Amino acid sequence: MKKFLVLLFLLCITFPVSAAEWIKIGNNLYLDKTSVRYAPKNRTYKAWVKEIKPKETVLYFNEYNLKEKEWRALDKVTLDNKNNIKKREIPNHVGLNWFNVVPDTNSALEYEAIKKETQIPLKVLEKELHID
């Protein structure tokens, strides 16, 4: 039993802890580039976005369909100025509606930032495909 607990403890301390890496994508709007994840089931990307307002900060966990230029909200967390959760909203409507990315809005800034973060550099692509 002791060996099991020691092994469990060692496994817990060896897992990397990832802190958010916020990059500015607009006026008071930030993308956590460490949270950008590909969802192969829907061929979409998911990521956290932060909007800083005068009296609160709002975190959005959104999903982006780059091919169709659409997005949908998966989670919304409102924080006070001391980073305490004031409110959490999880959309519960069937199918989680997709919305078109509207030009000159936060959704357009988010879409472009996700697109930029997910592009594969040519050098990496050449290396993966063994192009000489």
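Begin by selecting L31, V36, A47, Y64, L66 and I114, the residues with the most contacts inside the largest nonpolar core, which has 14 residues. A nonpolar core here is a set of buried Ala, Val, Leu, Ile, Met, Phe, Trp, Tyr and Cys residues joined through side-chain atoms within 4.5 Å; buried means under 20% relative accessible area, exposed over 50%, and partly exposed in between, with a 1.4 Å probe and protein chains only. Next, colour β2 (29–32), β4 (44–52) and α2 (106–118), each of which supplies at least two residues of this core. Helix α2 gives the most, with 4 residues. In soluble globular proteins, nonpolar side chains tend to be buried together.

This is a predicted model, in which local features need pLDDT of at least 70 and side-chain atom pairs count only at pLDDT 80 or more, whereas totals for chains, interfaces and linings use all residues. Residues are numbered from 1 along each chain as its sequence is written, and side-chain values use heavy atoms, with hydrogens and water left out.

**The whole chain**

Switch to a cartoon view: the chain has 3 helices and 8 strands, running α-β-β-β-β-β-β-β-β-α-α from the N terminus. Helices (H or I, at least four residues) and strands (E, at least two) are DSSP runs, numbered from the N terminus. Of the 132 residues in the chain, 31% are buried.

**Helix α2 and T118**

The buried residues of α2 are S107, A108, E110, Y111, A113, I114 and T118. The cover over these buried residues includes β1 (22–26), β2, β4, β5 (57–65) and β6 (70–79).

Now centre on T118, found in helix α2. T118 counts as buried because its relative accessibility is 19%. The T118 side chain makes two polar contacts to backbone oxygens: that of I114 at 2.9 Å and that of K115 at 3.1 Å. A polar contact is a pair of N or O atoms within 3.5 Å; within protein, one must be able to donate a hydrogen and the other to accept it, and residues adjacent in sequence count only if both atoms are side-chain atoms.

Leaving aside neighbours within four places in sequence, T118 is in contact (heavy atoms within 4.5 Å) with V36, Y45 and L66. Move to L66, which touches Y45, Y111, I114, K115 and T118, not counting residues up to four places away in sequence.

Finally, select β6, where 7 of the 10 residues are buried. Two strands pair if DSSP finds at least two bridges between them.

- With β5: the pairing is antiparallel over 9 bridges. Show L59, whose bridge partner in β6 is V77. The hairpin of β5 and β6 has 4 residues between the strands, and K69 takes a positive phi near 55° there.
- With β7 (residues 85–89): 4 bridges join the antiparallel strands. T78 stands opposite K87 in β7. In the hairpin of β6 and β7, with 5 residues between the strands, N83 takes a positive phi near 65°.
- With β8 (residues 99–100): 2 bridges join the strands, which run antiparallel. Here W71 has F99 as its bridge partner in β8.
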